[in-house]
Amino acid sequence: MSGYSSEADSQDWYAFTGRIRSECAPQHKWRRAAEDDLDLQLFREGADGLVFVDGSFSVTDVESVSVSEAGEYFLQVIDFQGEAGYLLSIEDEGSQSAALNAGAVRLSSVSDANCDQTELCSQIRAGEWVMSTSSAFRASTKDSPRAEISAAQEEAVNGMGMTITGGAGTMLMQVSLPDNTIAGWTNITQRLGIRSAPWSSESDLQMSFAAGDKDANGVPDQQELFLTVLVAKSIAKNESMIKSAGLNYVRYKSALPNDDPDLVAQQFASHYSLIKLEEAWDSGINNATGSEDVIVAVLDTGIVPVTGPQAHPDWADVDTDASDATGKLRFGYDFVSIASIDGDDTPGIDPDATDIGPANATGFHGSHVAGTVAAPTNNGIGVAGVGGDVSIMPIRVLGNCGCGSTFDILQGNLYAAGLRQRSRHSAS
């Protein structure tokens, strides 16, 4: 099937029955301008009208959605910006054709509805965007005082109905704090000129969203995600002082396999041989075992206590303060800013990079990585670090779920590089 969507006729509708996979691509790709952008939205019939199921909101040429539960559905091709002809393919979900476009941003793929914290997930923080300023803005303010630059950034962001909650280099924007309501969302979409607003009373289309409102603010979780993606797209396409407004993903530590533990142990026991570590140690090259002048930043779950009864034997008493500038551990810091996953005695950002566990969630993964890099060596205890004399900068960016936000990880990177970060109050 083919069609054409523009500002004058911004949406086309298709009805179908069954389990399907659909893709929408430009009909004449060579005529498509960079600003032209179509999206797909999938609905089913509900008791009180249409119920939103899923949507594809990428900025690539191809949008794709699928549904595995048989039933009657409505597919909407909507013109997000510009105008474009398109080809629409709808096929049985079990067909052998190419898989869904990997570049498409599907709402179902960034929701935590089907995301177990023991798995690697790609959910996003609703109502939050990681923002960076444009090169034009930086050039125009390169000689301006820092306070003046901050004021200009605040004014631009506030003008969109958002608030900057902190940051430097990269900043975190949030929908009108502290009241994340549908009125705040509507205000943002109007200011950004987003064409399709099916959540507003003026719209010809009314639709409902899946049940679920974790923050109890009256806005369904699915609707918040829907709007978060649309806002990010709109800002990305708008030439302004903002270069980009990316989604603030929740990132997880790599999961350990649940295979035969003996075989897994053998795999971990052999990984040093893959980098020919014994040969390096035996080579006689200066500093083959590492030098304290080398500091390796480990951005992870933090590090186990370095003193006291809970200290790991291999790290115990090698350093009494991981936050200072001397010893085995240096300049440690905790950048986990989301209170609900922080879990330590000082919610939010602080200089204590201790990994508080629990073991079944964090796996004390940061300690494992730090140990691989630079565990004390030739002490008759525990494991041997690759660079036994190397110093570690433990940076806690993953909380007690083994997860953390994109923004907190970026701030940890800035800190490790000696660049300025932000001071931010903890979020829920």
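# Aromatic pairs, salt bridges and a buried Asp

Let's start with Y333: at 24% relative accessibility, Y333 counts as partly exposed. On that scale, buried means under 20% relative accessible area, exposed means over 50%, and partly exposed is in between (1.4 Å probe, protein chains only). Keep in mind that this is a predicted model, so local features need pLDDT of at least 70 and side-chain atom pairs count only at pLDDT 80 or more, while totals for chains, interfaces and linings use all residues. Residues are numbered from 1 along each chain as its sequence is written, and side-chain values use heavy atoms, with hydrogens and water left out.

**Aromatic pairs**

- Rings of Phe, Tyr and Trp (its six-membered ring) pair if their centres lie within 6.5 Å; planes under 30 degrees apart are stacked, over 60 edge-to-face, and the rest tilted.
- Searching the whole structure turns up ten aromatic pairs.
- One of them is F52 with F209, a tilted pair because the ring planes sit at 40°, with the centres 5.7 Å apart.
- F52 belongs to strand β5 (residues 49-56) and F209 to the loop between β12 (207-208) and α4 (221-236), so this pair ties together parts that are 157 residues apart in sequence. (Helices, H or I with at least four residues, and strands, E with at least two, are DSSP runs numbered from the N terminus.)
- F52 is buried, at a relative accessible area of 2%, and F209 is buried too, at 12%.
- Y333 and Y415 also make a tilted pair, since their planes are at 40°, and their ring centres are 5.2 Å apart.
- Y333 sits in strand β15 (residues 333-334) and Y415 in helix α10 (residues 406-416), so this pair ties together parts that are 82 residues apart in sequence.
- Y415 is buried, with 18% relative accessible area, whereas Y333 is partly exposed.
- There's also an aromatic cluster, formed by W13, F43, F52, F57, F209 and F226.

**Salt bridges**

- A salt bridge here is a side-chain nitrogen of Lys or Arg within 4 Å of a carboxyl oxygen of Asp or Glu, and the count by this rule is six.
- R125 pairs up with E128, the closest N and O atoms being 3.3 Å apart. R125 is buried at 18% relative accessibility, and E128 is buried at 3%.
- K142 and D143 make a salt bridge at 3.2 Å, N to O, and both residues are exposed.
- R396 bridges to D334 at 3.1 Å, N to O.

**D355, buried without a salt bridge**

- You'll find D355 in the loop between α7 and α8.
- D355 is buried yet has no salt bridge, and the nearest side chain of opposite charge, R396, is 5.5 Å away. For charges, Lys and Arg count as positive and Asp and Glu as negative; His and the chain ends are not counted.
- What the D355 side chain does have is a polar contact with the side chain of T301, at 2.7 Å. (That term takes a pair of N or O atoms within 3.5 Å; within protein, one must be able to donate a hydrogen and the other to accept it, and residues adjacent in sequence count only if both atoms are side-chain atoms.)
- Leaving aside neighbours within four places in sequence, D355 is in contact (heavy atoms within 4.5 Å) with T301, G302, I303, V304, P305, T362, F364, H365 and G366.

**Backbone spots to check**

- The peptide bond from G357 to P358 is cis, with omega near 0°; P358 is in the loop between α7 (339-342) and α8 (359-362).
- F331 isn't a glycine, yet its phi is positive, about 60°. F331 lies in the loop between β14 (295-300) and β15 and is partly exposed at 31% relative accessibility.
- F364 isn't a glycine either, and its phi is positive at about 45°. F364 falls in the loop between α8 and α9 (365-374) and is partly exposed, with 28% relative accessible area.
- In α10, the residues T406, F407, D408, Q411, G412, L414 and Y415 are buried, and the helix is followed by G418, with a positive phi near 80°.
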